[in-house]
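User: Hello! Could you show me how to read a few features of a structure I have never seen before?
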Amino acid sequence: MALDRTTIPNDLSAFWMPFTANRNFKKDPRMIVGAKDMHYETSDGRQVLDGTAGLWCCNAGHGRPKIVEAIQGQAAQLDYAPAFQLGHPLAFELANRLRDMAPDPFEHVFFTNSGSESVDTALKIALAYQRAKGEGSRTRLIGRERGYHGVGFGGISVGGIVNNRKFFGTLLNGVDHLPHTHLPENAFSRGQPEHGAYLADDLERIVALHGADTIAAVIVEPMAGSTGVLLPPKGYLEKLREICTRHGILLIFDEVITAFGRLGSAFAADHFGVMPDLITTAKGLTSGVIPMGAVLATAEIHDAFMTGPEHMIELFHGYTYSGNPIASAAAIATLDTYREENLFQRAADMAPYWEEALHSLRGLPHVIDIRNMGLIGAIELEPIAGEPTKRAYQAFLNAYDKGLLIRTTADIIALSPPLIITKDEIDTLFSILADVLKSLD
Ligand SMILES: Cc1ncc(COP(=O)(O)O)c(C=O)c1O
């Protein structure tokens, strides 16, 4: 009889787990062994409602037949093709699909394997583009406090989460940060907060300090997810765009979370009606099934590289798995699933119900803020004095025991379910969460 690898206890010591309290976890492991549609199955046979689309990525839900079949078929047809100086049809097809889906100015797609790689790729393209245009003095990159742009050195340099930075040396040179957009006066906002557009003006201060001709690009998440759901105040992104354009600075939207329906449209750029110059994606591109990311570039940026002798490589950048055949097949099947099931519109239609259900938690113990946008929600808890993060972590454990997966950052609970969630499942989610909140110390 074949070994059942899904349930047999194993030695847990070898696997050094990412962003995990390893010792704590290994004393009392939480093992997932299956997933279908809106639910995970645990090794002790329980169903857990997925309130977070895995890690903000399984937008189409789990075990979706079209995606599974595409991966199986492609593995048998063409498992791998070298990514440099050779091509295979699916990567081109996928790039065309993304171009057709993206806002107008975005005509070219560079493939990566993760959000972190998409961010590093976009930063490198921005620097090389400025140089290609004869503006080689533009070498500075501007990020934002509390920003999350993955864990590569580029991403943690422009990112603004202290624990992701402080252990890792001096990071990239020449990086500065805008202030984050989270203001106490916006507590309990529904959708975009009223106050704070002026926070974008800080870019003028940074420009005055360093000189515009030293700045290559600004990178922000149009809606900051991983740091605990920080929403862009009304007018903020428009202002940022205007200041960047005026000073010849590229604007990069990190849409690793916001792309592919999370806000009810294909990209946050569409949702907010603000066009950046580069867009980074990953996660929902394959509904989290296979690692893949993509950077979308405007024709203007792409074409600046297409000079010089034609036998020369134009951009000295790429990954062994850029546009991997199986990942491309998974992504095409994912985009098909989004389209056939109209999932982006579904998310937009469900958002008001989601908002009402989420805000019904107002008034429960320890809740100091609730905010939402699209199919995203955050509940901020008052930290236990002297023990930050402990209360939210307790909520995560309690919820998991009660059959609900939530995500926590500091003392913020973040929710981002698959876009296939039903009203009944929304009710279940918030009823479990209400019980969890009432049970906290
Ligand atoms: C906005 C943003 N950028 C980049 C990343 C990094 O993506 P990955 O973990 O795939 O490297 C994330 C992950 O949550 C993200 O939210």
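Analyst: Gladly! Ala, Val, Leu, Ile, Met, Phe, Trp, Tyr, Cys and Pro count as nonpolar, Asp, Glu, Lys and Arg as charged, and the others, Gly among them, as polar. By that scheme, the shell around the ligand holds 6 nonpolar, 7 polar and 2 charged residues. This is a predicted model, where local features need pLDDT of at least 70, side-chain atom pairs count only at pLDDT 80 or more, and totals for chains, interfaces and linings use all residues. Residues are numbered from 1 along each chain as its sequence is written.

User: How many residues surround the ligand, and which are the closest?

Analyst: A residue is near a molecule if its C-beta atom, placed from the backbone, lies within 6 Å of it. Here 15 residues surround the ligand, with S114, G115, S116, G150 and V256 the closest. Helices (H or I, at least four residues) and strands (E, at least two) are DSSP runs, numbered from the N terminus. Helix 5 (residues 115–132) gives the largest share of the shell, 3 residues.

User: What is the phi of F260, and is F260 buried or exposed?

Analyst: Most residues other than glycine have a negative phi. F260 has a positive one, near 65 degrees. A residue is buried if 20 or more other C-beta atoms lie within 10 Å of its own, exposed if 12 or fewer, and partly exposed in between, with C-beta atoms placed from the backbone. F260 has 30 such neighbours, so F260 counts as buried. F260 sits in the loop between strand 8 (250–254) and helix 10 (268–272).
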